[in-house]
Structure formats: structure tokens, C-alpha cells
Amino acid sequence: MMIILLVLIVFGCVGVGTLRFVLGPSDADRIVALDILFSSAVALCTFAALSTQRVLFLDIAIGVALISFVATLAWSRLLEMRNSHKEEI
Amino acid sequence: MTTVGTLFIVLGVLVLLLASSGLFVLKDALSRQHAATKAGSLGIVMIVSGAALIGGNWSWVWRAMVIVILVWCTMPVASHMLARAAIRESRSKDEVSDTEL
């Protein structure tokens, strides 16, 4: 019963991150919101593992953490290259 | 063991909530990144280690240790790149506003 409350709090984090992802004035804000969304995804995978008592969901959490790293790196690199290209022009 | 794990999970969820509230309290992309990545990594580590304490099995523990090591190795690199992109973007926006003025 307690895990439902925790899942609802993490859903609140997902809502805040989605709102910042949609509203974000600059593109760097959107990448920060993406980072929060991936952290919430890892937390939700852990809660799934706890509520079903299956350790398989922790493997999914490992995969989500790896995808989070690669996605943040690629998007911030793209942003940096775009702005440096703009400075050259 | 279950009590300590539940306490860890509750604290981790509160830290994650604090990190996501920083997205709206702070005003700049750089300071939002400061709140989000730092507190997010602490929250994930506390949630996962609490799950390992509740699970109690060795298969839970080594997967949780893999996640903790992965997060602690990759999150500073990602936040560094993110901060550099945010600084670069704010600087280019300032230059655009200067030329428009």
C-alpha cells in the first residue's frame, strides 16, 4: 500500500519534468527535463521490481540508466556543436 | 533490514521530488541542471540500494551495485556536458541579443 503512494510521488516528478520539457524556453532546459524523466524511469523500474518480486526489472533499470547516459551526452553534444557553428557564421 | 530499506526508498523519493521541484524554482538552465543531475543521482542511488536491502537476495544486491556504479560513473560526465551546452547556449543567446540591439 505504501509503494502506491511512492509511485504517485514519482508520477508527480514525471509530470513536472514533462511540463518543463514542453514549456522550456531554451533547448538546454529540455535536456535537463529529459534527465529528470530518465531518473524517474529508473525509480519506476525499481518499484516494479519491488512490487512484483522479480529481479528482472532491475536489468531493465540498468538498460535505462545506460540509455540515459548516451541520450544526455548525444543531445548536449548536438546543442554545443550547433551553437559553435552559429558562432562561426 | 526491511525497515532500513523502506527508509532509504522514502528518502530517495523525497530527494527525487526535490530535484524535480528545482526545475521550476530555479530560473536559469545552468542552475536547473545543477539541481537536477546532482540530486537525481543521489535519489536513484538511495532508491536502488533500498530495494537491494528489501530484496535481501544476492542477485538483487549485485544488480543494485551495478546500477550504483554506473550512475556514479556516468552522471558527472553527463552533467558536465550538459553544463557546457547550457553555458554555450546562453552565451550565443547573449550575442544574438547584442547584435539585435
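Predicted model: local features only at pLDDT ≥ 70, side-chain atom pairs only at ≥ 80, totals over all residues.

Colleague: Which residues touch the most other members of the largest nonpolar core?

Modeller: Ala51(B) is one of them, along with Val32(A), Ala43(A), Ile47(B) and Val48(B), in a core of 49 residues. Two or more residues each come from α1, α2 and α3 of chain A, and likewise from α1, α2 and α3 (58-100) of chain B. The top contributor is α2(A), which gives 14 residues.

Colleague: Okay, now helix pairs. At what angle do α1 and α2 of chain B pack?

Modeller: With a helix pair, look at the angle, then the axis distance, then the handedness. Helix α1 (residues 2-25) of chain B packs on helix α2 (residues 29-55) of chain B at about 165 degrees, and their axes are 7 Å apart. An angle over 145 counts as roughly antiparallel, so that is how α1(B) and α2(B) run relative to each other. Their crossing is left-handed. As for the make-up of this contact, there are 19 nonpolar, nine polar and one charged residues.

Colleague: And between chains? How far apart are the axes of α2(A) and α1(B)?

Modeller: Those axes are 10 Å apart, and the packing angle of α2(A) and α1(B) is about 160 degrees. That makes this pair roughly antiparallel too. The crossing of α2(A) and α1(B) is left-handed.

Colleague: Which residues of α2(A) and α1(B) meet there?

Modeller: On the α2(A) side you'll find Val32(A), Ala33(A), Ile36(A), Ser39(A), Ser40(A) and Ala43(A); they meet Leu16(B), Ala19(B), Ser20(B) and Leu23(B) of α1(B). By class that's seven nonpolar, three polar and no charged.

Colleague: Let's zoom out, then. How many residues of each chain are in contact with the other?

Modeller: For a whole interface, I'd go from the count to the elements and then to the classes. Here 42 residues of chain A are in contact with 39 of chain B. On the chain A side, α1 (2-23), α2 (27-52) and α3 (56-88) each supply at least two residues, with the largest share, 17 residues, coming from α3(A). That side of chain A splits into 23 nonpolar, 10 polar and nine charged residues.

Technical notes. Residues numbered from 1 in each chain as written. Chains lettered and ligands numbered in written order. Contact = placed C-beta atoms within 7 Å. Helix = DSSP H or I, 4+ residues; strand = E, 2+ residues; numbered from the N terminus. Nonpolar A, V, L, I, M, F, W, Y, C, P; charged D, E, K, R; others polar. Axes fitted to C-alpha atoms, helices over the stretch in contact; angles between N-to-C directions. Parallel < 35°, antiparallel > 145°, perpendicular 65-115°, else oblique. Left-handed = near helix turned anticlockwise from the far one by under 90°. Core = buried A, V, L, I, M, F, W, Y, C linked by C-beta atoms within 7 Å. Buried ≥ 20, exposed ≤ 12 C-beta atoms within 10 Å, placed from the backbone.
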